[in-house]
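I opened the notebook to record what I looked up in this structure. The entries go from the whole chain to the ligands, then to single residues.

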Amino acid sequence: MSSKICLTGIKPTGMPHLGNYMGAIKPAIETANKGEFKGYYFIADYHSLITIHNGDQLRSDIREVAAAWLASGLDPKKVVLYKQSDIPEILELNWIINCFTAKGLMNRAHAYKAAVQTNTENGKDEDQGVNLGLFTYPILMAADILHINSDIVPVGEDQLQHIEIARDIASSFNHAYKKDFFKLPKAIVAEGENKLLPGLDGRKMSKSYNNHIPLLLPEKKLQKTINKIVTDSTGPEEPKDPNNSLIFDMYKFFSSNEEQEAFAKRFREGIGWGHAKAELFNVVNREVAPIRAEYDKLLADPGYIDTVLKDGADAVREVSSRQLAEIKKLIGVS
Ligand code: ADP
Ligand code: TRP
C-alpha cells in the first residue's frame, strides 16, 4: 500500500444524484480500488452546517450520503471513511491556519463573491445572509486537506480555487517557519470529453437547477423521472440525430461502445421517443439496481454505518494527532 494520501470531502446535502455518482463517487471509488494511494474520504458535515440549521435533517443527510458511498462500492477496509466533525484536530488546525491566511484571499473566494454579487444585484446589503462559515469556508477546507498532509485531492472543477487557496495557506506557513512542513496538495479533476452528465433539461445535472435524477429512486420512480425528459415532436418513425439528443447524451454515460453504436443506428433508422427512454432506463437501472439493493440494506442497519465512521475517525486521528503535535511544537504553543 502506498503511503501517498488521496483525500476528498463529501458534502452531505442529502441523496446524491446520478451526476454526483458518475462524476465523483464512481471515479473516487475506482481510484481507491487501484491502491496507488491511501484513501481518506470524509463527510464534510461542518461545511454543511453553513447552510443546514436543522439537526434532524443534517443527521439524516449524513447517514444517507455515507450509505450511498458504501452502497456504491466504497470498501472501508481500503479507504478510511470518516466524519469531519469527529476529528477535533481539524478544528484546531483550522484556527492555526486562520492566522496564516490573508483576509483578501477570502474576499476573492468564489462562493463568497457570488453571494455578495447576488445581494448587490437585488439591492440588499452586500453581506446579508452571509455567515462567517461561508466566508471562511476555504480555510476549513484547507485544514481538511492539510491535517494529514494529503498529496492529491480529487474534486470537481468548481473546487479548484479552494485547492489553490489550500496551497497558498500551506506555503505561507512553510515560509514562516522556513520548513517544508506541509506538502502542497494537488487537485485531480476527472477528465474526459463527456465529463458532465446532463440533467432532465439538458443543462449540467445539478441540485441547484432542480433537473437532477436522485441516485437511489425505486425502479418505478426512476422510470417516471426518465420519462420526464423533454423531447421534440419528431414522429416515431422519423430518423433522428443521436448527436443532437439529450437521451443519447445521457445513454453514453451508462453503456459500452457497442451499445452506443447499436443505439445510434436505431436513432438514424427512426426510434420512438418512448422506446428511446425505455432503453435509457434499462442501462441506468442496470447500473443502479445493485447499489439500490445494498443501500436499502445499509439504511436498515444504521449501527453498521456508525461503526464504520467511528473506526474511520480512530484511524485518521492516529495520523492527525501526531501531525498536530508537531505543528504545536513548531508554532511554539507546546
Ligand atoms: P450539485 O451541482 O448538484 O450541487 P455538487 O456541486 O455538490 O453538485 O457536486 C459534488 C460532486 O459531484 C463534484 O465533485 C462534481 O464534480 C460532481 N458533479 C456534480 N454534478 C455533476 C454532473 N452533472 N456530472 C458530473 N459530475 C458532477
Ligand atoms: N467543498 C467540497 C465540495 O463542495 C467538499 C469538501 C470539503 C472537500 N472539504 C474538502 C473536498 C476537502 C476536497 C477536500 O464539494
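My entries follow, in the order in which I checked things.

**Entry: the whole chain**

I am working from a predicted model. I began with the secondary structure, and the chain comes to 14 helices and five strands. Then I checked the overall dimensions. The C-alpha trace spans about 75 × 50 × 35 Å along its principal axes. I also looked up the radius of gyration, which is 22 Å; a compact globule of 334 residues would have one near 20 Å, so the chain agrees with that rule.

Next I asked how much of the chain is buried. Of the 334 residues, 47% count as buried.

**Entry: ligand 1**

Which residues are closest to ligand 1? I found 14 residues around ligand 1, and the closest are His17, Leu197, Met205, Ser206 and Lys207. I sorted this shell by type and got four nonpolar, six polar and four charged residues.

Then I went through polar contacts to the backbone. A polar backbone atom of Gly19 is 3.1 Å from a nitrogen atom of ligand 1. For Leu197, a polar backbone atom is 2.9 Å from a nitrogen atom of the ligand. At Lys207, a backbone N or O atom lies 2.7 Å from an oxygen atom of ligand 1. On its own, ligand 1 has 540 Å² of accessible area, and the protein covers 76% of that.

**Entry: ligand 2**

I repeated the search for ligand 2. Again I listed 14 surrounding residues; the closest are Gly9, Tyr137, Met141, Asp144 and Gln159. By type, the shell has eight nonpolar, four polar and two charged residues.

Which side chains make polar contacts here? I noted Tyr137, where a polar side-chain atom lies 2.6 Å from a nitrogen atom of ligand 2. The side chain of Asp144 has an N or O atom 2.8 Å from a nitrogen atom of the ligand. Gln159 places a polar side-chain atom 2.9 Å from a nitrogen atom of ligand 2. The protein covers 89% of the 370 Å² of accessible area that ligand 2 has on its own.

I then traced the shell back to its elements. Strand E1 (5–10) and helix H8 (137–146) are the elements that give two or more residues. H8 supplies the largest share, four residues.

**Entry: Asn174**

I located Asn174 in helix H9, residues 160–176. Is Asn174 buried or exposed? Its relative accessible area is 9%, so I put it down as buried. I followed its side chain and found that it reaches the backbone nitrogen of Phe181 at 3.1 Å. Leaving aside neighbours within four places in sequence, Asn174 is in contact with Lys179, Asp180, Phe181, Phe182 and Leu184.

**Entry: Ser233**

I ended with Ser233. Where does Ser233 sit? I found Ser233 in the loop between helix H10 (219–227) and helix H11 (246–252). Its relative accessible area is 75%, so I logged Ser233 as exposed.

How values were computed
Residues numbered from 1 in each chain as written. Chains lettered and ligands numbered in written order. Predicted model: local features only at pLDDT ≥ 70, side-chain atom pairs only at ≥ 80, totals over all residues. Heavy atoms only, no water. Near = heavy atom within 4 Å. Polar contact = N/O pair within 3.5 Å; in protein donor to acceptor, adjacent residues only side chain to side chain. Areas by Shrake-Rupley, 256 points an atom, 1.4 Å probe, with all protein chains shown as cover. Nonpolar A, V, L, I, M, F, W, Y, C, P; charged D, E, K, R; others polar. Rg over C-alpha atoms; globule rule 2.2 N^0.38 Å. Buried < 20%, exposed > 50% of the residue type's maximum accessible area, 1.4 Å probe, protein only. Contact = heavy atoms within 4.5 Å.
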